[in-house]
Amino acid sequence: MHLTKEEEKILDGEQGEVPARMLRLLSRLGDIYGADGMIPVGSVQVAGVSYKSIGDPGTEFLEDMAKKGAKVQVLTYLNPAGMDLENWKEYGFPSDFAENQLRIMNAFKEMGIVITATCTPYLAGNLPRFREHIAWSESSAVSFSNSVIGARTNREGGPSALAAAIIGRTPNYGLHLDENRVPTVLVDVSAEMDYMADFGALGYHVGKQVKNKIPYFKGLGSPNTDQLKALGAAMAASGAVALYHAEGITPEAHMQDTSGLDTISVGTEELKATYDTLNTGDMPDIVILGCPHASLREISTLANEVKGKSLKKPVWICTSRVMKEASDRMGFTEIIEDAGGHVVADTCMVVSPIEQMGYSTTAVNTGKGANYLPGFCKQSVVFNNVHELIRRVTE
Ligand code: F3S
């Protein structure tokens, strides 16, 4: 891969040990994937934030980087942490876990990374523009930014994203290039799509079938951005879909030629079968919504559902700190708390240690959550739409 004179100097250690190490990592990646050179990135989003995911080795690595003076060059956000960073005691997070999680957050902060821990950075102050090159890690955020916004990112690993943040560049390959953004399979949807859970189920079903192809959807109707984030998140989880197009909806769809592509049809029957597959539990110990992190609209929907009711099981809706503050101001948090629920910020059902907190059956409305909870958190899953889940825990 071609490096500029300036990049060669960084590699030779002119800016210190950490930038040299980070550029070496990026240039190796570029060589492996056949990049022609580096491109500047507008922003970065780093995954591998929860102590549950990275443990002691990851924590020590980050502390070492911070101690050696590593500093990010571009706007950099974090993926969800393993707990609500302010109210962890109140929600029952273990204190030894909290101590380690706070060490991780401090190391990131010292590097100049914004301590906004969310998988929806685009709802919390880190919004890329159409065709902007970025280096993001979290698979649902990668899908949303590539597909719905039309920005350009590969699915970065935690270390390669951190390296891109410190260097301000990423190797030019994969989804940064026009030729790798064309659809490779057509998905014809005739199922009725009402709830976010329907979009999660559709995404789960399609991801399983298409693996890492680029789907082009027809028949999606007129989904809102919450439904599109649910669709992309589930496809990225059950498959490895990092980009999709949707006819008349996503910004690059009208540029694509779909003639001759294999077609997958998804009707009511396929959607119902997916609901059956994802439901492995019966009565939930806890209901957790907000995967990907909830928008204000989703929080207000939950507030309407629970207003004046009394919840018999814990109900969390996970979101970013920014959305939580808006929810507080709008009175949604109070309505949810009066019913017995919580608006939980900075974390989610998958990266928090819910299995250590006494829960074994979790109810969700997300295809991505339903995909990961059994393996990652040892949970049985109840999968349904918000209305039905709240009915189950209020009757
Ligand atoms: Fe986000 Fe956690 Fe879901 S990181 S996409 S809420 S599994």
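This is a predicted model: local features need pLDDT of at least 70, side-chain atom pairs count only at pLDDT 80 or more; totals for chains, interfaces and linings use all residues.

A: A crossover is called right-handed if, with the strands pointing away from the viewer, the path from the first strand over the helix to the second runs clockwise.

Strand 7, helix 8 (residues 225-238) and strand 8 build one right-handed β-α-β unit. Strand 6, helix 7 (residues 196-210) and strand 7 build another, also right-handed.

Now the pairing. Strand 6 (residues 185-189) and strand 7 (residues 215-218) run parallel and are joined by four bridges. Val185 has Pro215 of strand 7 as its bridge partner. Strand 7 also runs parallel to strand 8 (residues 245-246), with two bridges between them. Here Phe217 faces Ala246 of strand 8. Strands of a sheet pair through backbone hydrogen bonds, either parallel or antiparallel.

An open sheet holds three strands in the order 3-2-4, with parallel pairing. Its edges are strand 3 (75-78) and strand 4 (135-136), each of which pairs on one side only. Strand 2 (residues 43-46) meets strand 4 in the parallel sense over two bridges. Val44 stands opposite Ala135 of strand 4. Helix 6 (residues 158-167) lies across strand 2, strand 3 and strand 4. This helix runs at about 150° to strand 2.

Finally, the aromatic rings. The structure contains six aromatic pairs. One of them joins Tyr51 and Phe97: the centres are 5.8 Å apart and the planes stand at 75°, so the pair is edge-to-face. Tyr51 belongs to helix 3 (residues 51-67) and Phe97 to helix 4 (residues 95-110), so the pair ties together parts 46 residues apart in sequence. Tyr51 and Phe97 are both buried.

Phe93 and Trp316 form a tilted pair, with 5.9 Å from centre to centre and 35° between the planes. Phe93 sits in the loop between strand 3 and helix 4, and Trp316 in strand 11 (residues 315-319). The two are 223 residues apart, and the pair links distant parts of the chain. The cut-off for buried is under 20% relative accessible area. Phe93 has 4% relative accessibility, so it counts as buried. Trp316 has 2%, so Trp316 counts as buried too.

Technical notes:
Residues are numbered from 1 along each chain as its sequence is written. Side-chain values use heavy atoms; hydrogens and water are left out. Two strands pair if DSSP finds at least two bridges between them. Contact means heavy atoms within 4.5 Å. Axes are lines fitted to C-alpha atoms, for helices over the stretch in contact, and angles run from 0 to 180 degrees between N-to-C directions. Rings of Phe, Tyr and Trp (its six-membered ring) pair if their centres lie within 6.5 Å; planes under 30 degrees apart count as stacked, over 60 as edge-to-face and the rest as tilted. Buried means under 20% relative accessible area, exposed over 50%, partly exposed in between (1.4 Å probe, protein chains only).
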